[in-house]
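Here is a short briefing on helix packing, a pocket and some backbone details. Keep the structure open while you read.

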Amino acid sequence: MKPMISVVTVNYNGWELTSALIRSLECHVHTPLEVIVVDNGSRTDEAALLCARHPHIRAIRSHRNLGFAGGNNLGIAAASGQYLLLLNNDTEVEQDTLHLLAERLDREPELGAVCPKIRFFDPPRSVQFAGYTPLTPVTLRNALIGFGEPDDGRWDTPCETPYAHGAAMMVRREAILKAGAMPEMYFLYYEELDWSQRITDAGYRIGYEPRCTVFHKESRTTGPASPLKTYYLTRNRLLFARRNRRGAARRLSVLYQTAVALPKSVVLNLLHGRSDLAGAALRGARDYFRLEADDKPHRP
């Protein structure tokens, strides 16, 4: 009998982190799982290392870094479960609660995806995610509900959220078939927001399920403020506006990002001696406009 839940995680030069995630699943989760690791262009064959340590998993070696979406899509294509649980490799679980996400999807067929409560791994282990607020139409800013707050019971009410969190999200297979794969042109950041939009456009809603908690070692791969992160956040915020806003809202959003947000970011980083971050932001905007001619928005 095949497992109902397939766990998909993407590894990039971080097999010890990935191994810690797998160990946490082994120690705490009693629900049968299919665990698929995509080794996404690591410098060495970390898929082999992970298989040697955890022989029950399935590890897929990609010799090229396919990005966050591409790596997850490769794992999803190999998965057999009814529900696909995408977990960042820098997460861990501490209780046997993953099945509660599947139960929520079973109980509410209108949900295409559901996210657990996400807490920071390091003390004081405050809340990182208890749902999202909607993105503002022009600035494309939103907030993580509960961010930085103690887990004191205020975030324990199941509800809906406009977007899923890419660190931990369970997606119904049928929703993927209707909405399509996670968009790969982003490479890193904003892809789960775009995918959430596709899922809701396909007629589904997205849930938040606080009975399940995942702990997140935030930004261990790219760093809290790195040129890589700055580049993709700048580029992909523009890309998201083009793909997910219409008419005047699209034009205003792109104008705001290039005429207000970008200059502010560059100036502040230069004032703080971070010319690398300023340059990364400028390259992100430049490369967005290079992509613009090739990437047609999915909504006219």
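A crossing is right-handed if the near helix is turned clockwise from the far one by less than a right angle, and left-handed if anticlockwise. By that rule, α7 passes α9 in a right-handed crossing. The model is predicted.

**α7 against α9**
- The axes of α7 and α9 lie 7 Å apart, at an angle of about 35°.
- From α7, the contact takes Pro227, Thr230, Tyr231, Thr234, Arg235, Leu238, Leu239 and Arg242.
- Facing them in α9 are Asp276, Leu277, Ala280, Ala281, Arg283, Gly284, Ala285, Asp287, Tyr288, Leu291 and Glu292.
- By class, the residues of this α7–α9 contact are 10 nonpolar, three polar and six charged.

**α8 against α9**
- Helix α8 spans residues 247–271 and helix α9 spans residues 275–292.
- Their axes are 7 Å apart and the packing angle is about 160°.
- That angle makes α8 roughly antiparallel to α9, because angles over 145 degrees count as such.
- The crossing of α8 past α9 is left-handed.
- α8 contributes Val254, Thr258, Leu262, Ser265, Val266, Asn269 and Leu270 to the contact.
- α9 contributes Ser275, Leu277, Ala278, Ala281, Leu282, Ala285, Tyr288 and Phe289.
- The α8–α9 contact holds 11 nonpolar residues, four polar and no charged.

**α6 against α7**
- Helix α6 covers residues 191–201.
- The axes of α6 and α7 come within 10 Å and cross at roughly 15°.
- α6 and α7 are therefore roughly parallel to each other, since angles under 35 degrees count as roughly parallel.
- α6 and α7 cross in the right-handed sense.
- Leu193, Asp194, Gln197 and Arg198 of α6 meet Phe240, Arg243 and Asn244 of α7.
- The residues of the α6–α7 contact split into two nonpolar, two polar and three charged.

**The second largest pocket**
- The volume of the second largest pocket is about 490 Å³.
- Its lining has 21 residues.
- Which residues lie nearest its centre? They are Arg141, Thr230, Thr234, Arg237 and Ser265.
- Thr230 and Thr234 also belong to the α7 side of the α7–α9 contact, and Ser265 to the α8 side of the α8–α9 contact.
- α7 (227–244), α8 and α9 are the elements that give two or more residues to this lining.
- The largest share comes from α8, with nine residues.
- By class, the lining residues are 11 nonpolar, six polar and four charged.

**The loop between β6 and β7**
- Most residues other than glycine have a negative phi, and most peptide bonds are trans.
- A cis peptide bond joins Pro123 and Pro124, with omega about 5°.
- Pro124 sits in the loop between β6 (111–120) and β7 (127–129).
- Arg125 lies in the loop between β6 and β7 as well.
- Arg125 is not a glycine, yet its phi is positive, about 60°.

Conventions. Residues are numbered from 1 along each chain as its sequence is written. This is a predicted model: local features need pLDDT of at least 70, side-chain atom pairs count only at pLDDT 80 or more; totals for chains, interfaces and linings use all residues. Side-chain values use heavy atoms; hydrogens and water are left out. Axes are lines fitted to C-alpha atoms, for helices over the stretch in contact, and angles run from 0 to 180 degrees between N-to-C directions. Helices (H or I, at least four residues) and strands (E, at least two) are DSSP runs, numbered from the N terminus. Angles under 35 degrees count as roughly parallel, over 145 as roughly antiparallel, 65 to 115 as roughly perpendicular and the rest as oblique. Contact means heavy atoms within 4.5 Å. Ala, Val, Leu, Ile, Met, Phe, Trp, Tyr, Cys and Pro count as nonpolar, Asp, Glu, Lys and Arg as charged, and the others, Gly among them, as polar. On a 1 Å grid over the protein atoms alone, a cavity is a set of points where a 1.4 Å probe fits but cannot get out, and a pocket is an open set with protein on both sides within 12 Å along at least five of seven lines; lining residues have an atom within 4 Å of a point. Grid points are joined across faces, edges and corners, and a volume is the space filled by probe spheres set on the points.
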